[in-house]
Amino acid sequence: SKKSRKQNKVLLKTFHTLLIIGVYRLGNMIPVAEIAQEDLKKSLLFSDIGNPIIQLINMYSGGDTTILTPFSLGIIPYINAAIVIDLLAALIPYLEKLQSEDGENGRQTLMFYKKLLTIVFSIFQSIFLIMYLKPYFYNPNLISYCSVGGQLIVGSIIICWLTSLIDKKGIGNGTSIVILTNIVISTIHQFSQINLSFNLDFFLESIFLFFIVGLICISQDTRMLIKVMSARQLFYMEEQEKRDSLEKENINILPITVNGLTIKYNQAGIFPLIIASNLINFLPSFFIKYNSILYNIIYYFLIIIFNYFYTSIFWDPQKISEQLRKSSIAIVQVNPGKETILYLENVVRYTSLVGGIFLCLLLSLYNGAKFIFKGYLLNRINISSLIIAVGVAYEIQKTIR
């Protein structure tokens with residue numbers, strides 16, 4: 001039957017996704033040659049947990065027990081490349097045409113550019129890591145540096161290929177799946193290092209954690225409704241307004257129903273958090289103290305700014321206005337053309353600001369709860385990673401359904 005075929009298709013896609021994740025995790029268990037892994041591991045264990053380098057390595061590798069692997073650069077080079085290409089597509093007409101008008105061929109060309117830029121980012125990030133890891137090389141010479149750099153760059157390219165396989169044959173977005181895998185593995189690794197104590201503090205923290213997850217789920221699908229009507233409906237509405245006694249004149253009029261154009265308050269998804277988390281890790285060692293008030297203010301500011309920026313890219317007012325015009329649809333009580341674009345720009349500003357502030361409130365609420373409960377459960381879970389993980393999981397279940 002149709003239902004059983006659909007279920008078999010979902011199971012097959014799930015199997016492909018799990019198989020690819022398995023290959024990805026296998027790559028994270030192969031140590032990079034030329035590096036004294038045990039010495040590096042001991043050094044990091046005795047370092048400050050707020051050290052941005054440690055956070056970057058954990059973000060890239062998923063917090064695995066093997067410190068440096070060919071996959072240690074993770075998905076971040078590809079994410080950075082995709083972000084840059086998407087931004088350029090909004091500014092350069094040629095790239096915009098590839099994205100919107102050239103169909104599948106255009107998207108494949110953009111993907112090719114993203115992969116090329118992924119290699120560039122991989123080179124820069126591998127150089128950054130090698131500079132930090134110099135004391136842990138067995139033979140600190142140019143050949144060793146190139147060998148480790150080559151392993152990291154090839155590993156990043158393989159991850160990019162694996163995410164593409166998930167996009168084609170798996171469930172959900174490949175990049176998001178890899179990020180979710182890293183977060184889950186990192187969390188499991190952290191909790192495996194402590195002895196759980198099921199006391200009152202643990203119970204209260206668990207309740208608060210479920211409350212936060214609920215708020216995150218609500219934020220994922222909260223939308224603003226923009227009332228729109230077709231040209232035909234607008235014509236009959238104007239006719240209706242002209243006549244004061246339609247029933248007496250027995251004139252049949254098409255029933256007017258107002259449809260909705262919706263925009264999520266969290267339209268940009270997990271992108272603002274990913275970019276803000278990536279950028280903020282470089283600030284402590286150069287500018288400000290980790291987790292200080294100024295640090296958090298800058299972090300929240302970055303989230304709000306990038307939330308607006310990506311909302312305006314994913315939900316471009318000019319493109320939306322043009323699509324409405326071509327479909328002979330208008331926003332209720334708003335004239336087509338420049339007035340519609342201005343109205344939609346205000347909507348983007350409002351929704352992105354509200355969505356960004358809500359994310360920041362979640363972060364503040366969680367950080368405040370850590371000081372109140374003073375347990376180990378909330379301190380072991382990074383709220384930014386939790387929001388990203390819940391957001392990805394929410395999208396996956398929507399895809400499956």
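**Entry 1: H12 and H17**

I looked up how helix H12 (residues 271–280) packs against helix H17 (residues 383–400) in this predicted model. The angle is about 150°, and the axes lie 10 Å apart. Axes here are lines fitted to C-alpha atoms, for helices over the stretch in contact, and angles run from 0 to 180 degrees between N-to-C directions. H12 is therefore roughly antiparallel to H17 (under 35 degrees is roughly parallel, over 145 roughly antiparallel, 65 to 115 roughly perpendicular, the rest oblique).

I noted a left-handed crossing of H12 past H17 (the near helix is turned anticlockwise from the far one by less than a right angle; clockwise would be right-handed).

Which residues meet? I found Leu273, Ile274 and Ser277 in H12 against Ser384, Ile387 and Ile388 in H17. Contact means heavy atoms within 4.5 Å. The residues of this contact are four nonpolar, two polar and no charged (Ala, Val, Leu, Ile, Met, Phe, Trp, Tyr, Cys and Pro count as nonpolar; Asp, Glu, Lys and Arg as charged; the others, Gly among them, as polar).

**Entry 2: ground rules**

I number residues from 1 along each chain as its sequence is written. Local features need pLDDT of at least 70, side-chain atom pairs count only at pLDDT 80 or more, and totals for chains, interfaces and linings use all residues, while side-chain values use heavy atoms, without hydrogens and water.

**Entry 3: Tyr299**

I moved to Tyr299, in helix H13. Buried or exposed? Tyr299 is buried, because its relative accessibility is 8% (buried is under 20% relative accessible area, exposed over 50%, partly exposed in between, with a 1.4 Å probe and protein chains only).

Leaving out residues up to four places away in sequence, I listed its contacts: Leu273, Ala276, Ser277, Ile280, Leu363 and Ser384. Leu273 and Ser277 also belong to the H12 side of Entry 1, and Ser384 to the H17 side.

**Entry 4: Asn307**

Asn307 is also in H13 (residues 293–314). Its relative accessible area is 0%, so Asn307 is buried. Its side chain reaches the backbone oxygen of Ser352 at 2.7 Å. I found that Asn307 touches residues including Tyr265, Pro272 and Gly355, not counting those up to four places away in sequence.

**Entry 5: whole chain**

I counted 17 helices and three strands (DSSP runs, H or I of at least four residues and E of at least two, numbered from the N terminus). Of the 401 residues, 43% count as buried.

Notes. A polar contact is a pair of N or O atoms within 3.5 Å; within protein, one must be able to donate a hydrogen and the other to accept it, and residues adjacent in sequence count only if both atoms are side-chain atoms.
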